[in-house]
Amino acid sequence: MKESKDLYESQKLAIGYWIVAICLFGAQLVFGLIISYQYIQPEFLHKFLNFSICRLLHINSMILWLLFGFIGGIYWFLPLETEREVVGIFLGKIAFIVLTAAVSIVVLVFLLVQIGKGEMLTLWLVTEGREYIEAPRWADIGIVAVFSIIFFNVFASIWKAKKLKGILWVLIVDLLAIIGFYIAGMFFSPNISVDQFWWWWVVHLWVEATWEVLVGVLVGWVLMAVLGTSRKIVEGWLYLEVFLIFGTGILGLGHHYFWIGAPEYWLGIGGFFSALEPLPLVAMIVHAVYDAGVHRLKTINKPAFFWIVAQAFGNFIGAGVWGFMHTLPQINLYSHGTQLTAAHGHLAFFGAYVNTNLALIYTALQRIRLHEGSILDGTLWKWVFIGLNLAMLGITAPLTVAGFTQTFVERAVGGSTWQAYIDAQSHPWFKESMIWRMGFGIMFFVCYVLLVADLLTIGKTKATHQQ
Amino acid sequence: MKFGWLEITLFSIVLVVVISAIFVRGKNWLEPGFWGVFAIVSSLVMFSILWLLTFDTLKKISFGSARVPSPTVINHKIGFEYDPDKKRYMPTIGEEELFFGKKWSEQEATQLLTKGKLVIQSRNCMDCHTLLGNGAYFAPDLTKSWLDPKWQTMIQPMIGVATKEETMAKWLQNPEYYGTWQRRMPNLKLTEEEAKAVVGYLKFMSAIDTNGFPDHFGKSPAIF
């Protein structure tokens, strides 16, 4: 077994980020299970931990753990790319501690204080009450400050190593965009149309543009590490992906502007460009399958390889197909704000981002636990891989049926009123779907526990062998 | 801006292709650099167009514009009717009516809506409900809630006050007590002032031109 002193300090920091990430992943699932049960039994934890609180914790812990995972990936690969220790690593460690402490405080406030009076002070200290970016304003400022330190680490290291080109160039620009777009979500407007206009700048331009590019970078690194793909191939595909992601995703933002009061031209622009948003995801599939084929599936890291292939397909099916399903305005007029969005969200976040993070962590585990030239493999990870993927499909399918029921009963036929909503929620298709979803949610949680067990043990047993 | 969506779409694509084509002349299309040019050009062009559209949109959705009414719209009767020219439902702003027994000046109305928006955010409404269709799916969409027939057919007789706005304000202060089905909205400790502000906000929101969303709200013969 390798000594951890072989690792760069930056890589040790990456492990710290991943440990917090996996803990937050667990929290996300616990709150997810609570709200899925509240759909079946609405009195469960009523008044103590209402749906709204568990739901905001469910989605916020997801955003945070994915971010922690990505940051871990950056700190892991950066010294390998620049062939030197990260510049300002001490600052980076302080940023990690500050970020983790801030996250803990925000979660405690969400759990214990929950809501506040209708005044600005609540927005600064308790919650901003805007889906996905509920974190209070002080935390927003903290997040931008911490991100600036991380950006400094990345930029200074690349600058000193004189490697500002190729993949690292994309990484730098993308990190700047991620920080910049977050700032768009940090002000209050009494005009809800203006509010939602900027709010989507953060939510969409993160999840459907800059995060996708970041994942393109991280997946490229993993492919080079586990398959030995050449840098030239990875760079070529990455540029093509950036071209397609930003070329379609930036104006694809328009598909969120259909019904918020924005002008009619967004119906056409948003519909057109978001319909093209699956293109880069197809490119990613071709890229992954092509590389896997060229190397005849020979890999030094089975779990990372499988997760990266699952990522390519999951991203395309979850974000691409399930997104396209309801992105055209003529369909979205009826499907907007139904469980169809939840179905798409679950499969897309899992496919695109969860899978990337798992591949990153397995890639690192091989370096940490094995001698060079050994293959990381085992038995448990296969069960986890099959289980998590099946469970996620099992969550998505009933949500899709539930969304269809809402689109049909509540929106198209019922005209979207309070009673129409109740009618759809009481429909057998909807109610049965909620039970199926809960069942697969439990299965997902069991697989998560096995995943943690596997992450703690893989590579330590004799299941590995020399190449 | 006088351009339609098709002109903007075609213009942005042609611009990306033409500028990229100029810069990649002589480059081999299998070299990464070839696609690097496309990546840079498409990002810059698309982002610039987004900025231009953002300025245009912000102008068209400011308070008092044709799409987002002035806060004083709460002094008027509001409806949602099919527009035969546009071929979709449009909010209608009708004759004056008193709101909580008075006519609100522009300043008073703006203050009320600002308060209402702060209350909506501070109580995390969006993590159960959707507003303009965005949020969580555990409770009904509130975009046109002001126009929901249930306030008058079910809630008003239950509470027994004279007007719709008073009905809504009373209900919001004690939603658990006046339950409508097995999923009960929790009591979010709204003061009377806060509840009035939220009702004002819901009335204002129902007058925003949302391009016809939600289609035929409250007009379904199947349900009411």
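Reader: Which residues does A:Tyr17 touch, leaving aside residues up to four places away in sequence?

Author: The model is a predicted one. A contact requires C-beta atoms, placed from the backbone, to lie within 7 Å. With residues up to four places away in sequence left out, the partners of A:Tyr17 are A:Phe68, A:Ile71, A:Gly72, A:Tyr75 and A:Phe96.

Reader: In the largest nonpolar core, which residues touch the most other members?

Author: This core holds 216 residues. Domain 1 (5–60) and domain 2 (71–205) of chain B each supply at least three of its residues. The members that touch the most others are A:Tyr17, A:Val222 and B:Val198.

Reader: Which element gives the largest share of the largest nonpolar core?

Author: The core in question is the one in which A:Tyr17, A:Val222 and B:Val198 touch the most other members.

Reader: How many residues of chain B are in contact with chain A, and which element gives the largest share of the side of chain A?

Author: On the side of chain A, 72 residues take part, and they meet 79 residues of chain B. The residues on the chain A side divide into 35 nonpolar, 24 polar and 13 charged. The count for chain B is therefore read directly under the criterion of C-beta atoms within 7 Å: it is 79. The largest share of the chain A side, 11 residues, comes from helix 8 (residues 231–252) of chain A.

Reader: What radius of gyration does chain B have, against that of a compact globule?

Author: The C-alpha atoms of chain B fill a box of roughly 80 × 40 × 35 Å along the principal axes. For 224 residues, a compact globule would come near 17 Å. Chain B itself has 23 Å.

Reader: How far apart do the C-alpha centres of domain 1 and domain 2 of chain B lie?

Author: The domain assignment places domain 1 at 5–60 and domain 2 at 71–205. The distance between their C-alpha centres is 43 Å.

Reader: In what order do the elements of chain B run from the N terminus?

Author: Chain B comprises 6 helices and 4 strands. From the N terminus on, their order is α-α-β-β-α-β-β-α-α-α.

Reader: What mean pLDDT does chain B have?

Author: For the model, the scores are ipTM 0.97 and pTM 0.95. Within chain B, 98% of the residues reach a pLDDT of 70 or more. The mean pLDDT of chain B is 95.

Conventions: Residues are numbered from 1 along each chain as its sequence is written. Chains are lettered from A and ligands numbered from 1 in the order in which they are written. This is a predicted model: local features need pLDDT of at least 70, side-chain atom pairs count only at pLDDT 80 or more; totals for chains, interfaces and linings use all residues. A nonpolar core is a set of buried Ala, Val, Leu, Ile, Met, Phe, Trp, Tyr and Cys residues joined through C-beta atoms within 7 Å. A residue is buried if 20 or more other C-beta atoms lie within 10 Å of its own, exposed if 12 or fewer, and partly exposed in between; C-beta atoms are placed from the backbone. Domain bounds come from an automatic or database domain assignment. Two residues are in contact if their C-beta atoms, placed from the backbone, lie within 7 Å. Helices (H or I, at least four residues) and strands (E, at least two) are DSSP runs, numbered from the N terminus. The radius of gyration is taken over C-alpha atoms; the globule rule is 2.2 Å times the number of residues to the power 0.38. Ala, Val, Leu, Ile, Met, Phe, Trp, Tyr, Cys and Pro count as nonpolar, Asp, Glu, Lys and Arg as charged, and the others, Gly among them, as polar. pLDDT is the predictor's confidence in each residue, from 0 to 100.
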